[in-house]
Amino acid sequence: MTSVVGTPPAVAARPPAPTPPRRSVAARVVERLAGPAVRVLLVVIAVFWLMPVLGLLVASLRPESANAGSGWWTVFTEVFTRPAELTLANYGELLSDRAMLGSLWNTVLIAVPSTVLVVVIGSLAAYALAWISFPGRDWVMTGVVALLVVPVQVALIPVARLLGAVGLYGSIAGVVLFHVGFGLPFAVFLLRNFFVGIPRDLLEAARMDGGRELMIFWRLVLPIAVPALASLAIFQFLWVWNDLLVALVFADEGSAPITVALRGQLRQFGANVDVLATGAFVSMFVPLVVFFSFQRHFVQGVLAGSTK
Amino acid sequence: MVAGIEIDRVGKVYADGTRAVCDLTIDVMDGEFLVLVGPSGCGKTTALRMVAGLEEISEGEVRIGGEVVNRVPARDRDVAMVFQSYALYPHLTVFDNIAFGLSLRKVPKATIQRSVAEVAEVLELTEHLHRKPRNLSGGQRQRVAMGRAIVRQPRAFLMDEPLSNLDAKLRVQMRAQIARIQRDLGVTTVYVTHDQTEAMTLGDRVAVMRGGVLLQIASPQELYDRPRNMLVAGFIGSPAMNMVGAELALDGEDASVTFGGHRLAVPASVLHRRPALRGYDGRRLAVGIRPEDMEDAEVAGPVVPGGDTLSSVADLVEAMGADVMVHFPIDAEAVRTEDIESLERDAGGVGHPGRGTVLVGRFSPRTRIFEGQPTTVRVDVENLHFFDLETGTSIWH
């Protein structure tokens, strides 16, 4: 992930190495064979990775009775012997289930503020840690790095008691606070490293141009840091969206996100695979949309041409 | 609203105790073009950054337009700076780059539009206003950086080696353009460079710095004619002034210097201009000869008796078209200046062992000299320079 945001602009624009005019026969043979072989291998890996998702999709499209009787792959093996029973009924059911919709909405209410707050607070803190000198700055940064290695689990009980004391236990705000708290060290670390890579001259030029710190941050640093902000936002969003543990501990029935709700649907013998598969697929859909809509912001070399 | 800049006994000491600038006093007058020049690491950029407000001032005072600015942040000093790297805002178009300072100051949109258009016209950037910096050539980027400084109509320009990233030809063009713009706007300018050609051509006055200390501040011509010490003499002029250790002998109104079998007469007029020379009778001193004060004796005409020639064998001849540079060894002790020693340290060598030094002369292109040819060199003894070997200072009064 750091390779996306951390490439120094100077390194990015290196001229390609000149290709030797003539290679040995062996080298050319290897190249001929290796090209297709690598491609086939990549396709195999991709298919392998997509298998569970495909299974989920197919299972979510089969009626309850079919899922109870046979595995999802039988859709492909029985395609000639029996007409496939695929239906959108599961989705219709899910989307008319108030509890499920409520938990889906809860997930949005948790994930969006957790992401926005982490990006806003993290970028402000990272700017200060990167470009404003104050006593103890390095110690603060050391502390932030140290916090990166603190596992979520050790904080569950103390934070639960704390939230209980201030009356936030079981609320969406409590879950958001926890996510923000644990998202910030990584956010500060990532953004600070990116900000430090911005040429000092740029900030000094902005200061000479009459910019106050907040103006420089808003009009110069943030626009330059869009790729870093986008990747941070995606990671944070996905992490919070897919979180089960934190929500399980801190959310009550009314504030439970989709992950908790789906877990509640688990039965010992997998009787309601249709509900689970459909819910899981819906909850997967949003992160995919987020990822694909943000990915074009992973633009490299935004700094190219600013200096030298 | 042009203002003078007074740098008053300014010093810079970093937190680790390194001293970058020491007791620097320069009075830049309203509308003056002052060039700070010196080898890298001489503290010139640090001095400039202290004036800009990008570096804290450890000692002394900086005054802009009479007002002490030590505690004034850079944004409120109302001076503009052109950076060596240009420091263009990569996400903004040329127009927005130039307009950035104005828009931060909440200048009305229409005014911004007009000012930027004017500046772009002067700098021939009009057709590039909507492009991003990464799509511009080096020269265009440099002009955008200039535009950003000009458009604000600041009290002073500060320029930190603005031309050093350009290729040689473009550098000469931009140098002329900067000189023209500065003259037309009449804005006080402090310009930092390590290139003495830029310093000499641009500056109303040139301040030569070394090791954080101001060596001499004077007009370009005076620096060239009357360098205060060996360091300035060696730094100003290209190729550098030749320096040899020599002995001075006085005989009434006649004087001469001898070095390794060569003898040059010192005319009475020189003794008159440099009365302190009389104190060096029979002592060793350093004699400086500018390459341009030497000429092939065959071209310069018949030798007059009185000893103004050196004879040697041409070692290397570099034809430059307008001049011919001739290197020739002579049997005399080279003056071990700090510059030469640091150059040799950089090169990793230990320098020439023993005696002998190579002089460089700038001859007229009419010379017929070739490598390996014995030659007689005519020296314009009127323009000899003399330095004290101990202190390195120029011998005048």
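Of the 308 residues of chain A, what percentage count as buried? The share of chain A that counts as buried is 33%, and, like every value in this briefing, it is computed from a predicted model.

**Chain A and its domains**

- Chain A contains 16 helices and zero strands, and among its contacts with a separation of 6 or more, 81% are accounted for by residues 24 or more positions apart.
- The chain is divided into domain 1, covering residues 26–87 of chain A, and domain 2, covering residues 98–297 of chain A, and the C-alpha centres of these two domains are 34 Å apart.
- Where the two domains of chain A meet, eight residues of domain 1 and seven residues of domain 2 take part in the contact.
- On the side of domain 1 of chain A that touches domain 2 of chain A, α3 (25–61) and α4 (64–69) of chain A each supply at least two residues, and the largest share, four residues, comes from α3(A).
- Sorted by class, that side of domain 1 of chain A has four nonpolar, two polar and two charged residues.

**Where chain B touches chain A**

- The contact between the chains involves 24 residues of chain B and 22 residues of chain A.
- On the side of chain B that touches chain A, β6 (79–82) and α2 (94–104) of chain B each supply at least two residues, with α2(B) giving the most, three residues.
- By class, the residues on this side of chain B divide into 15 nonpolar, five polar and four charged.

**The domains of chain B**

- Chain B is divided into domain 1, residues 5–235, and domain 2, residues 242–387, and the C-alpha centres of these domains of chain B lie 38 Å apart.

- Strand β3 (residues 33–37) of chain B is joined to strand β9 (residues 205–210) of chain B by four bridges in the parallel sense, and B:Val37 stands opposite B:Val208 in β9(B).

**Strand β8 of chain B**

- Strand β8 (residues 188–193) of chain B is mostly covered, since six of its six residues are buried.
- In a regular strand, side chains alternate between the two faces of the sheet.
- In β8(B) both faces are covered, with B:Thr188, B:Val190 and B:Val192 buried on one side and B:Thr189, B:Tyr191 and B:Thr193 buried on the other.
- Strand β3 of chain B pairs with β8(B) in the parallel sense over five bridges, and the bridge partner of B:Val35 in β8(B) is B:Tyr191.
- Strand β7 (residues 156–160) of chain B also runs parallel to β8(B) and is joined to it by five bridges, with B:Asp160 having B:Val192 as its bridge partner in β8(B).
- From β7(B) the chain crosses through helix α5 (residues 168–185) of chain B to β8(B), and this β-α-β crossover is right-handed.

**The five-stranded sheet of chain B**

- A further open sheet in chain B has five strands with antiparallel pairing, in the order β13-β12-β11-β14-β21.
- The edge strands, β13 (262–266) and β21 (385–387) of chain B, each pair on one side only, and neighbouring strands are turned by 40° against each other on average, direction ignored.
- Strand β14 (residues 284–289) of chain B pairs with β21(B) in the antiparallel sense over three bridges, and B:Gly288 stands opposite B:His385 in β21(B).

**A residue to look at: B:Ala286**

- B:Ala286 has its place in strand β14 of chain B and counts as buried because 25 other C-beta atoms lie within 10 Å.
- Although B:Ala286 and B:Val244 are 42 residues apart along the chain, their C-alpha atoms are separated by 5.6 Å.
- Leaving aside neighbours within four places in sequence, the residues in contact with B:Ala286 are B:Met230, B:Met243, B:Gly245, B:Val335, B:Phe387 and B:Leu389.

Methods:
Residues numbered from 1 in each chain as written. Chains lettered and ligands numbered in written order. Predicted model: local features only at pLDDT ≥ 70, side-chain atom pairs only at ≥ 80, totals over all residues. Domains from an automatic or database assignment. Nonpolar A, V, L, I, M, F, W, Y, C, P; charged D, E, K, R; others polar. Pairing = 2+ DSSP bridges. Axes fitted to C-alpha atoms, helices over the stretch in contact; angles between N-to-C directions. Buried ≥ 20, exposed ≤ 12 C-beta atoms within 10 Å, placed from the backbone. Right-handed = clockwise from strand over helix to strand, strands pointing away.
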